[in-house]
Amino acid sequence: MQSSTRTYIIQAILFIVTVITTTMAGAEWMFGNIFSFVYDFAYFLMGSNAAKAEVPEAAKALGWSQFMQGFQFSIPFLAILTIHEFGHYFVAKMHQVKVTLPYYIPFWFGISNSIGTMGAFIRIKSVVRSRLVFFDIGIAGPLAGFIAALVVLWYGFTHLPPPEYIFTIHPEYARYGLSYPQFVYENSAGNIALGDNILFWLFKTYIADPARLPHAYEMIHYPYIFAGYLALFFTSLNLIPIGQLDGGHILYGLIGKKKFNVIAPVLFGIFAFYAGLGLFRTDSFAIGSDQIFYERLFYLAMYIYFLYICFRRVSDNPSTGLMISLIIVVGQFAVSYIRPDWDGSSGFLPFVFILGRFLGIKHPETDENAPLDAPRVILGICALIIFVISFSPTPFIIIE
């Protein structure tokens, strides 16, 4: 009993801290600045008034007022996340599987490129012996979260503020009026655009009022749109049909262990191939000094070792992981040589590492392997369609 109480207290504390960190992160994305106490802490560490000149001046460092506005991001985003996790929770309870309440993971580091959390998870505390139960638990979260994300996006795109709203974020744009994009993006380095997925494009094209639709570089300042977009992004990641991700549970339920353990490593290889495409090109080794050549050769060797770590659990034979890694690298060089304009999205590489090293590519075996009934098969196909229309090949475009 004491252990359960302690667990509930930990979960409550994590949730409260995550509300705070996501609210702060939301305010930072909205206003493009950080909180004043972060500057104060930097000044303290630097130790003198003279050092303040070395820290970028906070023209409008964020405070309590901006923190309160950050709830416009944290409430819808955490609502979607919570609905997703409780989708898993209630279906697990329905199947009499022992699970915990969600553990939220706060994650904030005081600059405007965190979202305040690394998500949430529930722990399954009993063995799941049925392919059907894995499917039901796996699909419940993404479907529930996806519906919630649609509601948030619909609200965000149908309740866009007047175009002058951007002047509250960027007062310096006001002198150009609504023609500001012609002037302020002459040097657009450092701007962030949200990469389209099919669903987000449909909302922008057919739901939003074109007269109020913000410029692509300003989408991150609109909290409901940003929260909905992030929800789609994390839903699509969860629906990747690999390992013990929700998509892995779904695909395992649809096709069974034998086929899954063949298809999942192939899909993982394709995912890793795309993520690293364009990191290394043949022409980059042909120019520069010998020192630069050897540096690039060293980075290439480190990249191959990284892939080996990700793939060495694909087979009981470690050399298989090395062979796959080399095949991927050779293939990436070949594609980059033929189509030098093609690039992947290296931001996915940390997720490739988490999948390959920790979550695993294959799925735990179950004792009961009866095929799914027709309604579940239809739901599974719908989940795969949701993955396709929610996945952004390049989710965040940073202009260099």
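Mentor: This is a predicted model, and we can begin with Phe157, a residue found in helix H6, which covers residues 131–158. The relative accessibility of Phe157 is 2%, and because buried means under 20%, Phe157 counts as buried. Leaving aside residues up to four places away in sequence, Phe157 touches Phe200, Phe203, Lys204, Ile207, Ala208, Asp209, Leu213 and Ile225. One of these, Lys204, lies 47 residues from Phe157 along the chain, yet the C-alpha atoms of the two are separated by 7.4 Å.

Another helix to look at is H10, residues 223–238, which is mostly covered, with 13 of its 16 residues buried. At 1.5 Å a residue, the 16 residues of H10 should span 22 Å, and the end C-alpha atoms are 22 Å apart, so the two values agree.

Next comes a pair of helices. Two packed helices are described by the angle between their axes and the distance between the axes. Helix H12 (residues 290–311) packs against helix H13 (residues 318–338) at an angle of about 130 degrees, with the axes 8 Å apart, and the two are therefore oblique to each other. The crossing in which H12 passes H13 is right-handed. Among the residues making the contact are Leu300, Tyr303 and Phe311 of H12, together with Pro318, Gly321 and Phe333 of H13. Sorted by class, this contact of H12 with H13 has 13 nonpolar residues, three polar ones and no charged ones.

Methods. Residues are numbered from 1 along each chain as its sequence is written. This is a predicted model: local features need pLDDT of at least 70, side-chain atom pairs count only at pLDDT 80 or more; totals for chains, interfaces and linings use all residues. Side-chain values use heavy atoms; hydrogens and water are left out. Axes are lines fitted to C-alpha atoms, for helices over the stretch in contact, and angles run from 0 to 180 degrees between N-to-C directions. Helices (H or I, at least four residues) and strands (E, at least two) are DSSP runs, numbered from the N terminus. Angles under 35 degrees count as roughly parallel, over 145 as roughly antiparallel, 65 to 115 as roughly perpendicular and the rest as oblique. A crossing is left-handed if the near helix is turned anticlockwise from the far one by less than a right angle, and right-handed if clockwise. Contact means heavy atoms within 4.5 Å. Ala, Val, Leu, Ile, Met, Phe, Trp, Tyr, Cys and Pro count as nonpolar, Asp, Glu, Lys and Arg as charged, and the others, Gly among them, as polar. The expected span of a helix is 1.5 Å times one less than its number of residues. Buried means under 20% relative accessible area, exposed over 50%, partly exposed in between (1.4 Å probe, protein chains only).
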